[in-house]
Amino acid sequence: ESSLMKSKFRGCLLGSLIGDCLGAPFEGDVVTAGDKIVIQRYFDKLQDSTFKAPFKQYTDDTAMCKSVAKFLIDKPEPDYKFLAKLFVTEYFNEPKRGYGENVIEVFRKLKNTKFEDVYKPAREQFFGSGSYGNGGAMRIAPVSLYFYNQYHSMVEVAKNVTKITHSNILGINGALLQCLAVHQALLSDPENSIDPKKFCTELSTKLKDIEEVDEDNLDNINNIYHDKLKTVQKLLQKEPSDDLDEEILENLGNGIRAHESVPTAIYCFLRAQNEIPGIETENSFRRTIQYAITLGGDTDTIACMAGAIAGAYLGEDAINSVLAKHCEFNKEILEMAENLFTARESIPIK
Ligand code: F2R
Ligand code: MG
Ligand code: MG
Ligand code: MG
């Protein structure tokens with residue numbers, strides 16, 4: 001049991017890294033039918049052991065995920081000031097990792113105020129409404145892993161980790177939904193197939209219990225994720241086609257906003273449990289990220305989130321090691337997964 005769990009930890013963080021690295025060259029693209037063939041060849045090439053190429057570079061998604069993992073590994077009690085410092089140090093060391101346009105203002109303010117109130121700069125974003133970017137969700141996977149058998153701590157820590165940069169209700173609830181999806185995949189037996197309807201309804205039920213709620217509920221904001229999870233189920237019942245891809249983009253989205261990418265990542269994971277026309281592979285991990293990238297838009301982040309879910313479900317053995325070796329930081333991320341697994345043995349029991 002524990003060796004399977006360790007493999008799932010490794011698979012989850014490696015899956016997240018691969019999605020980010022392989023998705024990054026396509027970020028912002030509008031993908032056409034012809035591009036799907038290009039993406040198929042891109043993956044075929046990367047899986048060919050004779051193919052030599054420079055590393056595919058990771059972006060902000062992985063840069064921030066590294067900090068979250070380190071915060072959990074190094075501190076037995078959550079220290080959010082420590083995490084804020086890690087985010088800021090990482091950013092100023094390597095600012096050109098493709099960070100969100102506005103989140104860098106948070107980093108500057110945190111630094112200039114000497115981390116006095118680690119949540120204040122995020123609350124001030126977008127004239128006080130906070131960010132609903134997917135930056136909270138893209139880096140949450142280590143929290144799902146570390147607290148996999150301490151549900152309440154997982155939820156509390158996921159909220160606080162997110163609020164350092166994202167205080168908008170949609171940004172927070174999006175991170176919570178991704179956290180729950182990784183957690184649910186982690187606890188699912190890879191020998192058994194996933195029931196997509198059950199996967200979605202369980203997510204919705206759990207989210208309802210822990211989400212932040214807006215008193216005014218303007219634009220039905222409190223229902224957005226629940227409605228999207230219903231849409232995911234509805235779309236999964238349809239036969240895959242180019243028309244269906246259009247419907248996915250219209251109804252789920254492929255954007256930088258949390259509510260236009262987290263449900264989409266969950267959809268990609270669930271859709272890839274079965275064959276998809278135009279995606280030639282037997283491997284459902286590869287199918288998940290390849291499919292996510294063919295949807296275009298925020299490809300690094302949607303593939304990163306879908307890859308974390310798929311890797312948590314399947315474990316490391318399901319991930320093609322030739323594909324993984326093309327990603328910068330592939331050895332180090334596995335070490336982090338290992339350290340995360342070991343560190344959790346010393347969590348104080350609450
Ligand atoms: N930033 C990118 N990709 C675009 C450019 C890449 C690079 N610069 C290049 O040239 O190649 N990718 C990365 O950003 C996403 C995560 O963003 P995060 O951390 O959530 O940042 P931010 O700045 O807080 O939010 C992102 C954008 O969302 C819109 N937005 C958010 N909240 C809003 C609000 N309350 N009102 C209005 N707009 C809001 C803004 O446009 C923000 O800039 C990932 O895709 C990562 O890969
Ligand atoms: Mg990125
Ligand atoms: Mg932000
Ligand atoms: Mg992105």
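Metal donors are taken here as N, O and S atoms within 2.8 Å of the metal (3.2 Å for Na, K and Ca), and since water is not among the atoms, sites may look incomplete. The structure is a predicted model, in which local features need pLDDT of at least 70 and side-chain atom pairs count only at pLDDT 80 or more, whereas totals for chains, interfaces and linings use all residues. Side-chain values use heavy atoms, with hydrogens and water left out.

Under this donor criterion, the magnesium ion (ligand 2) is coordinated by Thr59 (OG1), Asp60 (OD), Asp61 (OD) and Asp300 (OD), at 2.1 to 2.3 Å, and the spacing of these donor residues in sequence is T-D-D-x238-D. A distance of 3.7 Å separates the magnesium ion (ligand 2) from the magnesium ion (ligand 4), and Asp300 coordinates both. Asp60 is buried at 7% relative accessibility and Asp300 is buried at 0%, where buried denotes under 20% relative accessible area, exposed over 50%, and partly exposed the range in between (1.4 Å probe, protein chains only).

Salt bridges, defined by a side-chain nitrogen of Lys or Arg within 4 Å of a carboxyl oxygen of Asp or Glu, number 21 by this rule. One of them pairs Glu90 with Lys66, whose closest N and O atoms are 3.4 Å apart; because Glu90 lies in helix H4 (residues 80-93) and Lys66 in helix H3, the pair ties together parts that are 24 residues apart in sequence. Both side chains belong to buried residues, with relative accessible areas of 14% for Glu90 and 12% for Lys66.

A further salt bridge joins Lys163 to Glu212, with the closest N and O atoms 3.6 Å apart. Lys163 is located in helix H9 and Glu212 in the loop between helix H11 (196-210) and helix H12 (224-236), so that parts 49 residues apart in sequence are tied together. Lys163 is partly exposed at 24%, as is Glu212 at 25%.

No disulfides, defined as pairs of cysteine sulfur atoms within 2.5 Å, are found in a search of the whole structure. For Cys268, the closest cysteine sulfur, in Cys200, is 12 Å away and therefore too far for a bond.

Key: Residues numbered from 1 in each chain as written. Chains lettered and ligands numbered in written order. Helix = DSSP H or I, 4+ residues; strand = E, 2+ residues; numbered from the N terminus.
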